[in-house]
Amino acid sequence: MPDLASTVPAANGHGRRRAALTLVPHATEHLATRDFKSDQEVRWCPGCGDYAILAAFQSFLPDLDVPRENVVVISGIGCSSRLPYYVNSYGMHSIHGRAPAIATGLASSRQDLSVWVITGDGDALSIGGNHLIHALRRNVNIKIMLFNNRIYGLTKGQYSPTSEQGKITKSSPMGSLERPFNPLSLALGAEASFVARTIDSDRKHLTSVLAAAADHRGAAFIEIYQNCPIFNDDAFAPLTEPGSREQRVVRLEHGQPIRFGPDGSRGLRFGPLGALEAVDVAESGEDGLLVHDAHVTDPSYAFALSRLDSADFVHTPIGIFRQVSRPSYDDSMAAQLDDARTEQGPGDLAALLAGSDTWRVG
Amino acid sequence: MTKQVQQLDRVIIRFAGDSGDGMQLTGDRFTQETATFGNDLSTLPNFPAEIRAPAGTLPGVSSFQLHFADHDILTPGDAPDVLVAMNPAALKANLADLPRGADIIANTDEFTKRNLLKVGFEANPLEDGSLSGYQLHAIPITSITVKALEGLAVSKKDAERAKNMFALGMLCWLYNRPAEGTLRFLESKFGSRPEIMKANITAFQAGWNYGETTEEFSVQYEVKPAALPPGLYRNITGNTALAYGLVSAAHLAGLPLFLGSYPITPASDILHELSKLKRFGVRTFQAEDEIGGVGAALGASFGGSLGVTTTSGPGMALKAETIGLAVAVELPLVVCDIQRAGPSTGMPTKTEQGDLLMALYGRNGESPLVVLAPATPGDCFDTAIEATRIAVKYRTPVIILSDGYLANGSEPWRVPELAELPDVSAEFSFAAPDELNAAAVEAGASPPGFMPFQRDPATLARPWAVPGTPGLEHRIGGIEKADGIGTISYDPDNHDRMVRLRQAKIDGIAADIPPLEVDDPDGNARVLVLGWGSTYGSIGAAVRRVRLTGASVAHAHLRHLSPFPANLGEVLKRYDKVLVPEINLGQLALILRGRYLVDVISYNRVRGLPFRAAELSRVIQDVITNA
Ligand code: SF4
């Protein structure tokens with residue numbers, strides 16, 4: 001049993017004193033993928049992109065080098081949010097949109113846990129939009145995996161906040177009237193310290209992004225393009241079909257020139273008003289072509305990258321858009337408790353209850 | 001000049017002025033001095049929700065009523081003996097509550113033509129004889145204050161603002177209150193601004209001297225200290241007592257305290273108070289919204305903290321779904337609802353008992369939980385500890401129904417010795433891997449593994465298995481779970497069983513709480529007055545009045561509203577008539593009628609204010625007469 005009361009001084013002889021509990025411990029035994037598989041039957045539709053993400057997640061978890069009991073997976077509601085049931089660690093399948101809030105309470109009170117949030121486009125960006133942006137703003141030490149399939153799956157096919165305008169669905173027979181959110185632009189607007197995008201079908205890339213997120217202290221936001229074969233099949237086909245993907249996918253690697261297209265023939269350059277434009281390297285020359293820097297403190301550059309995404313996926317960057325270091329919320333919160341004890345001494349309950357204006361009777 | 005000293009056994013003073021006049025501070029200070037002096041007391045702050053309502057208008061009036069006595073008292077009092085009216089609006093808004101013969105101390109400087117017209121006085125009531133039924137003290141408080149501060153390096157505006165301290169000084173002299181506490185308070189409050197500190201202290205002393213030397217007041221009053229049970233005392237508001245109760249409860253349980261909260265009147269002071277207590281290891285999280293606040297608290301509870309959220313009615317509505325999740329996952333959670341007048345925004349600074357049915361039933365599905373209500377400001381402390389005890393022992397959300405009156409009202413409180421407090425840590429433990437696996441094997445679980453919903457046979461509580469504990473990895477969630485093993489289950493009979501188990505767990509707590517005590521001194525009463533929550537004082541005072549007439553009446557007060565004390569049904573049937581006064585339209589009465597088939601008489605007033613004892617005593621008399 002972990003020792004939890006390190007923060008409760010046993011000031012006046014009542015209550016139990018427990019030892020400190022701070023950093024995430026190392027695993028004491030070598031864990032394998034199977035150790036993270038629960039005995040529950042996985043119940044997504046055949047061909048659902050969620051299977052690939054689950055498999056990648058489970059096989060990546062041993063690399064975390066964290067004991068199984070210190071991994072916690074928290075989700076909201078939706079197809080993707082069933083994932084915690086399939087991972088043999090601690091987990092909570094909570095309520096619609098609220099996983100970031102619940103994870104915030106857990107992560108900021110338990111620095112020894114590796115906390116993952118599993119969510120979808122409806123869960124995170126519609127009903128739970130507020131919790132998402134504030135968790136990112138505060139930089140809570142949680143890793144958020146947003147499965148974006150651009151549709152409501154569990155409720156059987158209504159348009160979602162990432163569905164393209166004009167989309168015909170059960171609830172929009174004449175086409176959706178709404179402009180979609182760009183999840184990365186939203187996260188960057190909240191100045192998230194780690195922002196990345198990856199694709200369900202690219203296991204290697206997905207795993208590398210998960211590993212980078214796990215290494216990041218603070219909030220990590222990962223958008224995963226996920227195919228829903230039942231209600232929105234092939235939504236990301238331009239990015240996954242051979243022949244098409246080479247033209248469109250822009251792989252971001254920190255410190256590397258941004259090149260894409262056949263034989264890296266295309267690059268990116270800032271246009272006059274700060275928007276990025278794609279150019280033919282042969283025509284424009286190498287001058288002014290972008291080399292990716294995920295560590296720029298100002299989010300404007302990463303924001304410009306995120307705007308390259310469009311409904312028809314002409315150029316779609318994947319990889320880590322932004323990774324900057326700033327204090328993690330749980331660390332700052334713990335530091336304030338330490339400072340308070342240093343400055344004022346440990347809490348003295350009897351003195352607190354009595355206060356300064358007392359009188360004695362009898 | 002030596003003045004005559006007259007002994008009184010109790011006094012009710014109401015300070016009233018514009019919301020910018022500092023009446024709450026004045027009342028607070030007078031209360032502190034009165035508490036230190038050793039009187040029993042009860043207070044009723046009453047202020048507009050707007051921070052600065054238009055000056056000089058009726059909606060802008062802020063008041064603070066204080067009842068103090070040489071004996072034990074229960075309410076802030078019905079009718080003031082003294083009204084301090086800092087402007088015409090304050091006079092107009094409060095005059096109707098004043099009995100003939102009461103003292104009125106009015107600040108004549110503010111009774112200008114313009115101010116009088118603002119509130120519809122055609123003529124100046126201080127001059128036209130309309131107040132001849134009262135003892136009128138017309139005093140130019142502002143100008144005397146400004147004059148007294150001449151020579152100090154403060155602006156005219158700051159000098160005028162010190163007028164509340166002049167009034168306080170005058171009243172402190174009039175009622176023989178000690179002054180040291182206020183002087184110390186002013187020194188620390190304005191320590192960084194010495195001129196302002198000097199101005200306030202000078203104004204306070206000028207007010208004191210004014211009382212002593214002028215002929216405005218011919219007598220000075222004395223209210224002797226009350227004979228309270230021996231001990232160390234302080235004055236405390238309900239919100240402070242609740243905050244201290246939560247810190248103490250976490251300490252007694254050996255758990256870290258985590259508060260997730262969103263600012264809302266009248267609950268915010270609990271957040272403020274707890275955020276000052278980081279040295280106790282208290283984590284406070286000001287969330288993005290009400291849902292975020294309760295969500296974070298539940299997340300912290302999952303991690304082994306005592307998760308707490310604080311709010312008022314509108315916030316309760318928003319938190320309902322998360323509280324339902326806490327019912328489903330069976331984790332401890334303390335939810336403090338500081339009720340205010342509703343529906344919707346209602347009257348944020350006014351009190352009400354309108355959230356009882358919402359607390360009991362305001363969630364989807366069969367969603368039983370524990371509901372407690374403190375009776376007095378000081379009782380908020382004990383209620384917080386009791387809520388924590390039940391929450392951690394039974395792994396259930398517990399709702400505390402305080403209200404605006406308890407939150408801001410204050411009373412003398414005997415400071416408990418730490419050793420007197422219950423040892424909450426003895427009532428529960430986190431799940432430990434070995435025992436539970438063994439129990440699971442014994443129960444025939446195959447393959448042997450941890451069963452997160454295997455219940456303790458005595459309490460029906462499930463294990464509290466905290467992340468970080470090896471071997472107890474498990475998943476919980478809002479979907480229905482199979483009894484014992486805890487995996488997702490849509491089995492019809494399992495659902496029926498789980499619905500009943502969750503209810504049985506809450507019902508079973510009745511055996512773990514004290515029976516309802518009835519105050520029926522002569523045993524002859526045929527009428528029982530049954531209340532809950534903050535009406536304790538009003539009902540108690542009304543019952544005393546009735547008994548003084550020689551009549552018999554019994555009083556019982558519910559702290560546990562879910563589950564009810566085990567003997568409640570039997571108590572109800574013992575009396576011919578049961579009167580249930582509530583500051584709502586009969587919410588407890590509805591449940592009593594449904595649950596116990598007793599035809600209780602519901603008495604309801606929903607004015608945003610506590611009941612008046614005089615009014616309640618008439619109601620009780622009527623019921624007795626017709627019994
Ligand atoms: S509805 Fe779509 S997203 Fe949901 S499980 Fe089926 S395929 Fe996957």
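**Note on chains A and B**

1. A:Trp359 stands opposite B:Tyr233 in strand β9 of chain B. Strand β12 of chain A (residues 358-361) is joined to β9(B) by four bridges, and the two run antiparallel; strands count as paired if DSSP finds at least two bridges between them. Helices (H or I, at least four residues) and strands (E, at least two) are DSSP runs, numbered from the N terminus.

2. This is a predicted model, in which local features need pLDDT of at least 70 and side-chain atom pairs count only at pLDDT 80 or more, while totals for chains, interfaces and linings use all residues. Residues are numbered from 1 along each chain as its sequence is written, and chains are lettered from A and ligands numbered from 1 in the order in which they are written.

3. The contact between the chains takes 70 residues from chain B and 64 residues from chain A, where residues are in contact if their C-beta atoms, placed from the backbone, lie within 7 Å. On the side of chain B that touches chain A, the largest share, nine residues, comes from α11(B).

4. Within chain B, helix α6 (residues 163-174) packs against helix α8 (residues 194-213) at an angle of about 40°, with the axes 6 Å apart; axes are lines fitted to C-alpha atoms, for helices over the stretch in contact, and angles run from 0 to 180 degrees between N-to-C directions. That angle makes α6(B) oblique to α8(B), because angles under 35 degrees count as roughly parallel, over 145 as roughly antiparallel, 65 to 115 as roughly perpendicular and the rest as oblique.

5. Among the residues of α6(B) that meet α8(B) are B:Phe166 and B:Trp173, and those of α8(B) include B:Phe204 and B:Trp208.

Technical notes: Contact = placed C-beta atoms within 7 Å.
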